[in-house]
Amino acid sequence: MPQNDSNLADRSGGLVESHKGYDPRLIFFYFVLFAMLATLVSGLAYQQLSRVGHYSERERVQNQRRILVPGPRGNIYDRNGVALVVNQPRWTAVLHLDELKKELALEDRRIRRNYVAAGEKKDALSAAQFQKLARASVAQRYLDQVNRIVHRELVVDRAALEKHFSRELLLPFTLVDDLNDHDYARLIEGLPVNSALQVYASFTRHYPFRSAAAHTLGYVRTEAEVEAEGFPGEDLTTFKMKGTQGRAGLEQWFDSELQGEAGGRIYRVDPSGYKINPPLEQRLPKQGKGLITSLDIELQQIAEEGLGEQRGAVVALDVATGEVLVLASAPTYDLNNWYPRMAPDTYQTIQASGAEFNNAVSGRYPPGSTFKILTTIAALRRGTVDVNQPIINCDGILRRAGGRFVCYNGIGHHQQVLLPQAVAESCDIFFYEAGWLTGAAEIAAEGRRFRLNEKTGLESPNDSSARLIVPDPVWKEKERREKWFPGDTANMAIGQGFVLLSPLQMACFTASVARGEVFTRPTLVHQKDRPVQRTESIGLTAEQREALLDGMVGCTLPPKGTARTLTEVVGYRIPGVKIAGKTGTAQKDVTKDGKQGKINFAWFICFAPADKPEIAVAVMVEGENLNEEFGGGRQSAPIAASVMKKYFENKANPRRAFVSPFNKGSE
């Protein structure tokens, strides 16, 4: 029976639940979910877009490696263009470990299989131990190739190999570092072109003249801190090939100029650290600047031959410019023994002989009678000595101030001696009196005017004012807490007692006297058309200077000049050239082999030509035996004569014009 609408409505109201169009709690949850999604998307966008550079940079740093290669050092030449220091190829057999990735993996598996086949457990060794065995096996296999070709029986240094793998994988590992030219030729012919084993040409410092000018030139030592200014990748893991650093002489003083410009390469590497060719960046190394020294290697060799096995020094200067022509110290050593490494027994020999010490620059010795030139200048400037009047009668022995003073050069007694004769014959009693008349303080002041107590300014790490002594009463009171006595003045006047100077200082003093000035700054750098040095005038009148020069020229002349051998012996004569010189012999009390006695220091200073000086020379030779007859006229003057004779021979017969290796067409 059909029902009416009202009944249906009543029943539906009881069965159907009515709902609203929204729920506030759900709306809140939607907002939270949306905020979380928005934060996540923003974070992802920030990481992917805003920080893409950061992650790209981190990836670059992790996946790239930089290798730096030092540039060759610059060469060093003498003033005539003769090469004194050059770079010589050093042949080394190296193994590029980063090219052995596949080979090492195969060797690792082979060794594991052999262990299993031999009844060992698979885990008998750790993975790292198997890797080490594989590395050593592969490296030895390549080394055996070298052994077969050059007939050696070398074994791989496993510790060095592992260290190299862990720290310097991208650098070649050295298998053999002392190949000679014959070995090099055989390996180049016998090794495959594409082999991981190659012959690497590095450069070693070579000194063609071996021990000549050793103390002046200096040497280099291996230095790992190679830097490549301006080459990118400073933030990358960097591998550096070993370079060199100057450790003495000019090699040290001009190290920054001689150093080559380092080159470099940047590679991408795989997760194991092996490089992926080709390089991303590359810069070739460049050779350092060359240096033209003021030395004349011919004169240098003659000076060193003259010294021979004796301990001593020779310094020769260009009077006008102060350029050093000779700077010799003996005993010496072969510079080629220093690099790349010196044998321990060789170093012990050098140390035992004192050969490493630079006598010419660092040596401090009593100058003996050569100092009488300074005493003369001080006395003349203060008017205590007149060139035309004798100041004392020399009978060979003088008793004064409670002491006995002997004229060691007055065997025939000088009697009433004038200044030129006193200088020529080196009359001690004349200079004792000149010293007393002038005063120790005034002589010391003159020495300071010539800067004998200061460093010379030479381009040398050995140049120093330490232990240079031009004493006076104030100095003795301060240093020794003692009173100054007349005997101290007498000793000082003849260059003994407390006076200590270097051969370099005496050479500079001699050059200054030759120019009539008070200071000469020496230099080891040759410069074409270098101007003449000009310093304060020596302060002597024309008559006084002439008297001093007459005495110095007379020193080299018979019958009584203390260096008369220079004209008496034909081999020492220099035709047409007059030499102005002064001998000196100083003594020092020593104990040697348990015995006490005196060691002599034989000096000779000179310049030539006397009327127009060009070259100044100072020679000091130390006696070897106690109390031996040893003097400047016999031991030192001939060495100076040999140097000067060669100098004037070369001047008369000049060699071909020197063309600078750095600037073609100029000297």
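A crossing of two helices is left-handed if the near helix is turned anticlockwise from the far one by less than a right angle, and right-handed if clockwise. The structure shown is a predicted model, in which local features need pLDDT of at least 70 and side-chain atom pairs count only at pLDDT 80 or more, while totals for chains, interfaces and linings use all residues. Residues are numbered from 1 along each chain as its sequence is written, and side-chain values use heavy atoms, with hydrogens and water left out.

**View A. Helices α11 and α23 cross in a right-handed way.** Helix α11 covers residues 297-307 and helix α23 covers residues 632-652. Helices (H or I, at least four residues) and strands (E, at least two) are DSSP runs, numbered from the N terminus. The axes of α11 and α23 come within 9 Å and cross at roughly 160°. At that angle, α11 is roughly antiparallel to α23. Axes are lines fitted to C-alpha atoms, for helices over the stretch in contact, and angles run from 0 to 180 degrees between N-to-C directions. Angles under 35 degrees count as roughly parallel, over 145 as roughly antiparallel, 65 to 115 as roughly perpendicular and the rest as oblique.

**View B. Helix α5 packs across helix α7, and His151 lies in the loop between α5 and α6.** The axes of α5 (residues 127-150) and α7 (residues 181-190) come within 9 Å. Their crossing angle is roughly 120°, so α5 is oblique to α7. The crossing of α5 over α7 is right-handed. His151 has phi near 60°, a positive value in a residue other than glycine. With a relative accessible area of 59%, His151 is exposed; exposed means over 50%, buried under 20% and partly exposed in between (1.4 Å probe, protein chains only).

**View C. Cys394 and Cys407 form no disulfide.** How many disulfides does a search of the whole structure find? The search finds zero. For Cys394, the nearest cysteine sulfur is that of Cys427, 3.7 Å away. For Cys407, the nearest cysteine sulfur is that of Cys394, at 3.9 Å. A disulfide is a pair of cysteine sulfur atoms within 2.5 Å. Cys394 counts as buried because its relative accessibility is 0%. Cys407 also counts as buried, with 5% relative accessibility.

**View D. Tyr365 and Phe601 form one of 14 aromatic pairs in the structure.** The ring centres of Tyr365 and Phe601 are 5.6 Å apart and their planes lie at 45°, so the pair is tilted. Rings of Phe, Tyr and Trp (its six-membered ring) pair if their centres lie within 6.5 Å; planes under 30 degrees apart count as stacked, over 60 as edge-to-face and the rest as tilted. Tyr365 belongs to the loop between α13 (359-362) and α14 (372-381), and Phe601 to strand β19 (residues 595-608), so the pair ties together parts that are 236 residues apart in sequence. Both Tyr365 and Phe601 are buried.

**View E. Tyr432 pairs with Trp436 within helix α16.** Their ring centres are 6.3 Å apart and their planes are at 35°, so this pair is tilted. Tyr432 and Trp436 are four residues apart in helix α16 (residues 428-438), about one turn of the helix. Tyr432 and Trp436 are both buried.

**View F. Two arginines sit over phenylalanine rings.** Arg135 lies over the face of Phe165, at 4.2 Å from the ring centre. The charged end of Arg451 is 4.0 Å from the centre of the Phe519 ring and sits over that ring. A charge sits over a ring if NZ of Lys or CZ of Arg is within 6 Å of the ring centre and within 35 degrees of the ring normal.

**View G. A cis peptide bond joins Ala330 and Pro331.** Omega of this bond is about 5°. Pro331 lies in the loop between β13 (324-330) and α12 (344-353). The bond from Pro558 to Pro559 is also cis, with omega near 10°, and Pro559 is in the loop between α21 (542-554) and α22 (565-568).

**View H. Arg65 and Gln415 lie in strands.** Arg65 is in strand β1 (residues 64-69), and it is buried, with a relative accessible area of 18%. The C-alpha atoms of Arg65 and Phe239 are separated by 7.7 Å, although the two residues are 174 residues apart along the chain. Gln415 is in strand β17 (residues 415-416). Phi of Gln415 is near 60°, a positive value in a residue other than glycine. Gln415 is partly exposed, with a relative accessible area of 35%.
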